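Hi,

Here is the structure I promised to pass on. Have a look at it first, and my notes follow below.

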Amino acid sequence: MFNSWQFFALFSAFFAGLVAILAKLGVNSIPSNLATLIRTVVIAFFLVGLIALRKEWVNLGVLDTKAIIFLVLSALAAGLSWICYFKALQLGPASGVIALDKLSLVFAIVLSALFLGEQLNAWQWAGMALMFSGAMLIVLKI
């Protein structure tokens, strides 16, 4: 159980929810881009420590160039996401920002079907429609 994708995905969702609340409290008196930088620096130091502790350092020259390119593009997308997310949290209610931000689930599912060739069944499409509808219901009440 502790080594399954479902276990880690559930904890990822929990920590993402915690991030939203802590970030909303943190951007009250700090410019959103500076808040994003502070978050990024903390994450970098945390990961350096984790990689050192787990002895996962490897020579970057042996890594697949294509994989590195995709990771760099992913990092740029994450950075843009965080910049927009922190600005949105600074400007709006956390419940609305979080609801719209979680539409990333819908975008990711559609993109996985388009670019990764993942096949979705009717139940999965219906679930995605419910995610979208739920986010809209939350935002429309604000």
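Gly49 sits in helix α2, and with a relative accessibility of 37% it counts as partly exposed. Bear in mind as you read that this is a predicted model. If you follow the chain on from Gly49 for 46 residues you get to Ser95, and the C-alpha atoms of Gly49 and Ser95 are 33 Å apart.

Thr36 is in α2 too, which covers residues 32-53. Is Thr36 buried or exposed? Its relative accessibility is 6%, and because buried means under 20%, Thr36 counts as buried. Leaving aside residues up to four places away in sequence, Thr36 touches Trp82, Ile83 and Phe86.

Phe86 brings us to helix α3, where it is buried along with Tyr85 and Leu89. What covers the buried residues of α3? The cover includes α1 (5-26), α2 and α4 (94-101). As for its dimensions, α3 runs over residues 65-91, so 27 residues in the helix. From first C-alpha to last it reaches 39 Å, close to the 39 Å expected at 1.5 Å a residue.

Leu73 also lies in α3, but at 47% relative accessibility it counts as partly exposed.

Cheers

Definitions and conventions
Residues are numbered from 1 along each chain as its sequence is written. This is a predicted model: local features need pLDDT of at least 70, side-chain atom pairs count only at pLDDT 80 or more; totals for chains, interfaces and linings use all residues. Side-chain values use heavy atoms; hydrogens and water are left out. Helices (H or I, at least four residues) and strands (E, at least two) are DSSP runs, numbered from the N terminus. Buried means under 20% relative accessible area, exposed over 50%, partly exposed in between (1.4 Å probe, protein chains only). Contact means heavy atoms within 4.5 Å. The expected span of a helix is 1.5 Å times one less than its number of residues.
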